[in-house]
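The sequence and model are shown first.

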Amino acid sequence: MLTLLLIVLAIAGLLVVMRREAGAAPAIGVLAALGLLGLVFEAPVIGFILLLAALAVAAAGLPALRRLWLTPRIFAIFKKVAPKVSATERTALEAGSVSWDGQLFSGKPDWNALLAYKDDGLREDEQAFLDNQCAKAAGMCNAWDITIERADLPQQLWDFLKKEGFFGMIIPKEYGGLGFSAKAQSMVLQKLSANETLMVTVGVPNSLGPGELLLKYGTEEQKNHYLPRLADGREIPCFGLTGPRAGSDATSLPDTGVVCKQTVDGKEVLGIKLTFEKRWITLAPIATVVGLAFRLFDPEKLLGDEEDRGITLALIPRDTDGMEIGRRHHPIGSPFMNGPIKGVDVFVPLDTIIGGEQMIGQGWRMLVECLSIGRCITLPSGATGTARYALGWSGGFTRVRRQFNVPVAEMEGVQEPLAKMAALGYIAQATVYQTANLIDHGEKPAVPSAILKSQLTEFQREILSHAMDVHGGKAVTLGPRNYLGIGYSANPVAITVEGANIMTRNLMIFGQGAIRCHPYVLEELAAKDANDEKAFDTAFFKHAGLIFGNAARALTLGIGIGKPSVPFDAPAAAYAQDIARLSAGFGLCADAAMASLGSALKKREMLSARLGDVLSNLYLASMVLKQWQAGDKVEGEEALLHYSCRFLLHRAEQAFVEIFDNLPNRALGRVLNAVVMPTGRRWNKPHDDLARDIAHRVSTHSALRTKLLHNTWDQDDGEQRNPLARYNALLLEYERAEKIYRTVNKAYAKGELVQTALHPEARIEAGLATGIVSEEDATFMRTFEKEVLEMLTVDDFAYDTFATDKSTLIDHNPAPKAAPINFDESIK
């Protein structure tokens, strides 16, 4: 009995020490004290074993002892198996900053650190711009007109965007820009997402491109010349990075610049001869100034001793001799300006290099540092805005669209996708806003930018698919009335650009995060590169303590022991505690994967993707909790919180299961499964009751729907009719209309109305004739049904409308030809 007690006490004591990452000394104390108790109280065997364990921990854990024999051996092995980090990879790893993503990697997230990023909301001028200029811009757009009729934004909209400074949101006010916060930029793009082409046109100049590069790295002369002109639209920028052979692997640029001297206007000028071919460059067809990435060479060594000077960035005026620009690509579903740029031996002076001569060879660093912010804003904000509009349209449509005498919104087959759309939009809104808030506090979230880009654009894809399903024929029939179909067809653009989602998920999120966000891996690699054994010893054994700590936290939290205290109210607290549990499990699995596979983990992309999925879902869930804690709650929002968190945690656990099942070392997978999920999976998919509640609220005039659609274009005050405003107006009147529907349908079923009253308008008139419906209600319903029918109506066109080449048109139903007249027969 004493032996068993000592074993239990030893395990419990070691788990406490491990959870606290207290180090070797407390562990030695626990083992030695229990060992002596065993010897004193006649349990010599277990006492002797515990004392031996204490000696082993001392030899391996106390710095003075382990550095004599253990550290040199581990260091030698580490130098052989550690992955080699190239210069370009190191640049990417060192770019940006680590904030909440690092907390999740640690396995012991400090929620107070996240909540410390206070949100002051939007400035007065930012909110005014959102309410006025953004609403006016959105009100000038009709997807059919822009995409099919003109393949461009209207001229008056271009003029308005330039005049009101839409292209200068990130440019400080001292240069004539708007100087908006990251949150304001995000909210602007969400509102402009009423039209995909409009959002992209405004988003790109305010994302990765000449404006941001000039702000951070440009010379004073470059800033003073270009920034005011970019801010007011006199200059339209584009940035040429990708090409036929350099897409996701942007570091393999085949475009070259050669340092040379050339006579210009009778003077010898030191400059660069550029040869390049770029594709998929947004705004290129209309750009007046072109940012260009290329590999610079100096064969004559005019600048110094190095011949290969590395990736460099330059800013080139459109009218530069030899540059071919102006042709267009045709992006699927959206005619935003996009096209190729080419040039052979295009000469530009050296002062076109962004940042001047001192920034030669710094192009890759400049790009990745800017990308960490821009990729957090533009596409994630566009995806979030699209989600909000799609939900608003779908909720309205499914409420006014009736089948089997009920709104289709009351059918569970429709409620399920409506609730999913609401949850994905809610998650996206919280994540993009709270990450923008991190940026406003000075963070440059490199790994979260990959999470947001890939996850939220995938949410957009799913939301649009659900929206198409619930709209049915209304959405699949194109025309000026179709507010959804063209945006749906454009969704692959968001999936593909700024780092294709396949690459981002499989290579970037965990591949970059495993080193960049881990508390100790970067230190270990630096010690290896410096051959610093002492620094390696410090980092490695802290790392070992973290592994033991995460194992102890994951196991004890998995069986319900020692739940952490979290600064959240009751609905959110359980989710925060479980994120901490899964964070510990994630940290343990990340270390296990890196230790067991070493450099081979780079090639195990599916495993890396699943580790990235765990991190992504934990990050998204954390942002939802932050938004919940910081924001004002409305009736019905708690159901959406529960749905969203359960959905994300279910996905995180599913990713864990797939990691355990696919680790090459099967024994390791089973051990990790037992430690991380000792009692099995904890989270099921959201319950149907939640889905029914949420679907009802987003398809009726409710506080929850109003909150989810806040700061969208929801007023019918534009040059084009606003479908969201029209649905909102119908929902305001729907409760009254539903009572009348029920009255006349019940009367019809009883045979009290004429049997030819087969549609709502006829039943209203029949009800009026029999006195079941009052004149006032009949007048109301005539107006209501007229608007409903308008929202359900689709467009039709002349037979030959869609044939670009009319000569190819086939007449499938030609008029019969008249029979020839037989004059002889007619005379008879």
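The sections below treat the model, its annotated domains and its helix packing.

## Basis of the model

The model is predicted: local features need pLDDT of at least 70, side-chain atom pairs count only at pLDDT 80 or more, and totals for chains, interfaces and linings use all residues. Numbering runs from 1 along each chain as its sequence is written, and side-chain values use heavy atoms, with hydrogens and water left out.

## Annotated domains

An unreviewed UniProt entry assigns "domain: Acyl-CoA dehydrogenase/oxidase N-terminal" to residues 122-233; such annotations may be inferred rather than shown by experiment. This span is 62% helix and 0% strand, with its end C-alpha atoms 24 Å apart. Helices (H or I, at least four residues) and strands (E, at least two) are DSSP runs, numbered from the N terminus.

The unreviewed UniProt entry also places "domain: Acyl-CoA dehydrogenase C-terminal bacterial-type" at residues 515-797. Residues 515-797 are 71% helix and 0% strand, and 58 Å separates the end C-alpha atoms.

## Packing around helix H16

Two packed helices are described by the angle between their axes and the distance between the axes. Axes are lines fitted to C-alpha atoms, for helices over the stretch in contact, and angles run from 0 to 180 degrees between N-to-C directions. H16 (residues 363-400) packs against H18 (residues 446-471) at about 20°, with the axes 8 Å apart. H16 is therefore roughly parallel to H18 (angles under 35 degrees; over 145 is roughly antiparallel, 65 to 115 roughly perpendicular and the rest oblique). The contact comprises 18 nonpolar, 9 polar and 2 charged residues (Ala, Val, Leu, Ile, Met, Phe, Trp, Tyr, Cys and Pro are nonpolar, Asp, Glu, Lys and Arg charged, and the others, Gly among them, polar).

H14 (residues 210-217) crosses H16 at roughly 115°, the axes coming within 10 Å. H14 and H16 are therefore roughly perpendicular.

## Helix H23 and its neighbour

Helix H23 (residues 533-558) has 26 residues, which at 1.5 Å a residue should span 38 Å; the end C-alpha atoms are 37 Å apart, in agreement. The expected span is 1.5 Å times one less than the number of residues. At the start of H23, a side-chain oxygen of Asp 532 comes to within 3.3 Å of the backbone nitrogen of Lys 534. After H23 comes Gly 560, with a positive phi near 85°.

The axes of H22 (residues 521-530) and H23 come within 9 Å and cross at roughly 155°. H22 is therefore roughly antiparallel to H23.

How values were computed: A polar contact is a pair of N or O atoms within 3.5 Å; within protein, one must be able to donate a hydrogen and the other to accept it, and residues adjacent in sequence count only if both atoms are side-chain atoms.
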